[in-house]
Structures are given as structure tokens and as C-alpha cells.
Amino acid sequence: MNEDEAEFTKLMTAAQEYRKKKNYLKEISSLVKALDYDQKNYRVMVMIAMAYGQIGCAEDAVQYINEALAINPDYYKAYNSLGNVFRGKGELGKALECYESAIARFPDNFSIHYNRALTAMDLTLYPKAIESYEKAFTLNPSETIILKDLGDIYYRTQNYSKALEVLEKYLQSSADSPDANQIRTKIKTIQKKLSL
């Protein structure tokens with residue numbers, strides 16, 4: 001390992017430590033210095049953007065993400081991060097656009113579908129939320145929390161039979177979760193609605 005590589009590695013390690021401590025300004029400082037040693041490292045650019053997003057500097061975050069995408073337009077984390085920046089700012093419409101652009105390029109990415117589902121749900125765009133939650137669950141069935149969210153959407157849209165189905169499935173896989181009793185209560189409520 002040459003001197004530049006060693007310095008880059010040292011700075012990246014420091015940045016990770018700062019992130020763990022939620023000291024985002026020092027993390028940014030270390031990452032920017034690391035970028036001096038590898039100026040085309042789009043991954044580092046996205047990491048800088050994510051740190052800027054944590055401290056509410058969306059414009060700086062967007063700038064670094066756009067630079068990363070100029071270098072590698074196929075880096076899905078950049079699109080996902082851009083959506084997360086807008087989501088953090090409360091610009092849910094822009095966030096949704098980012099996730100949808102990312103899905104067009106990366107249709108089988110769990111994180112992007114999950115973030116699109118959360119955002120669509122916040123915007124009460126339930127059909128989009130259902131579509132993305134179902135796709136995300138297909139891509140990663142171990143993420144059973146998705147079933148709870150799907151059950152909530154189906155309940156809100158009065159599709160009680162589907163709500164019952166997914167909540168029972170969630171309870172089967174998460175019987176020991178802290179919210180199990182709450183889910184059991186909701187299931188009883190749904191069963192009463194269905195028996196009317």
C-alpha cells in the first residue's frame with residue numbers, strides 16, 4: 001500500500017468512527033480529505049451527501065450526489081440517497097420522483113422499493129405504497145415489518161380481508177415482537193368488521 005492509499009484508508013476509518021458518534025461535521029471533513037486522494041470516488045461522494053443530509057444541508061447533499069451520478073450513473077445508492085435527502089427535508093413529492101427514477105433503472109432493489117413505499121404511504125398514495133411494499137417483501141421476505149405496514153394500508157383502504165391475511169402472516173413470523181398484542185387486537189377488530 002502506497003502512502004496515498006494509506007492516508008485514504010486512515011481518513012475513511014476516521015469518518016466511520018465520526019459517523020458512529022453522529023459527529024457529522026467531522027465525518028464530512030474526513031471524507032472530503034479522503035476525496036482529495038481519490039477524486040473520482042463516487043461512493044465517497046454519496047457518503048458525504050448522506051452526512052450533509054443528516055445535518056440538514058440538502059443543497060450540499062444534492063450537489064455531491066449529482067457529482068457521483070455524473071461519474072457513475074448506475075450507482076443505485078446515489079438515487080436512493082437523493083430520495084432520502086428530499087424525504088428528510090419533507091419534500092415528499094421530490095423524494096418519490098427520485099425513488100421512481102431509481103426503480104426504473106433498478107427494478108429489483110429492496111431499499112428503493114421500501115423507501116418508495118414509505119414515501120407513498122406518507123403521501124396517502126396507497127396503491128403505489130402497496131405495489132412497492134409487495135415488491136420489497138418479494139425481494140426480501142425476512143423483512144416481516146413490511147407485512148405490518150401493508151396490513152395498515154389495507155385497513156385504511158377498507159380491504160379488511162387482505163388486512164387480516166397479512167397481519168396474521170406478520171403475527172406468525174413475529175409472535176414475540178413488542179407490538180404482538182397490538183396486532184392481535186387489530187386482528188380482532190378486523191374480524192368483527194368482516195362478520196358484520
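**Entry 1. Overall build**

How many helices and strands make up the secondary structure of the chain? I counted 11 helices and zero strands, taking helices (H or I, at least four residues) and strands (E, at least two) as DSSP runs numbered from the N terminus. I noted that this is a predicted model, in which local features need pLDDT of at least 70 and side-chain atom pairs count only at pLDDT 80 or more, while totals for chains, interfaces and linings use all residues. Residues are numbered from 1 along each chain as its sequence is written, and side-chain values use heavy atoms, with hydrogens and water left out.

Along the principal axes, the C-alpha trace spans about 70 × 30 × 25 Å. Buried residues (under 20% relative accessible area, against over 50% for exposed and in between for partly exposed; 1.4 Å probe, protein chains only) account for 43% of the 196 residues.

**Entry 2. Nonpolar cores**

I then turned to the nonpolar cores, meaning sets of buried Ala, Val, Leu, Ile, Met, Phe, Trp, Tyr and Cys residues joined through side-chain atoms within 4.5 Å. The largest has 36 residues, of which Met 12, Leu 31, Val 44, Ile 48, Tyr 64 and Ile 65 touch the most other members. Two or more residues each come from α1 (3-20), α2 (24-37), α3 (42-54), α4, α5 and α6 (92-105). Helix α3 gives the largest share, nine residues. Apart from this core lies another, of 27 residues, including Tyr 126, Ile 153, Tyr 154 and Ala 163.

**Entry 3. Glu 27**

Is Glu 27 buried or exposed? I found Glu 27, in helix α2, to be buried, because its relative accessibility is 1%. Leaving aside neighbours within four places in sequence, Glu 27 is in contact (heavy atoms within 4.5 Å) with Ala 15, Tyr 18, Arg 19, Met 47 and Ala 51. The side chains of Glu 27 and Arg 19 are joined by a polar contact of 2.6 Å. A polar contact is a pair of N or O atoms within 3.5 Å; within protein, one must be able to donate a hydrogen and the other to accept it, and residues adjacent in sequence count only if both atoms are side-chain atoms.

**Entry 4. Asn 72**

I located Asn 72 in the loop between α4 (58-71) and α5 (76-89). Asn 72 is buried, at a relative accessible area of 17%. Its side chain makes a polar contact of 3.1 Å with the side chain of Tyr 42. A polar atom of the Asn 72 side chain also lies 2.9 Å from the backbone nitrogen of Asp 74.

**Entry 5. Helix α7**

Helix α7 (residues 110-122) has 13 residues and reaches 18 Å from its first C-alpha to its last, close to the 18 Å expected at 1.5 Å a residue; the expected span is 1.5 Å times one less than the number of residues. At its N-terminal end I found Asn 109 as the cap, with a side-chain oxygen 3.1 Å from the backbone nitrogen of Ser 111. Among the buried residues of α7 are Phe 110, His 113 and Arg 116. The buried residues of this helix pack against α5, α6, α8 (126-139) and α9 (145-156). After α7 comes Thr 124, with a positive phi near 55°.
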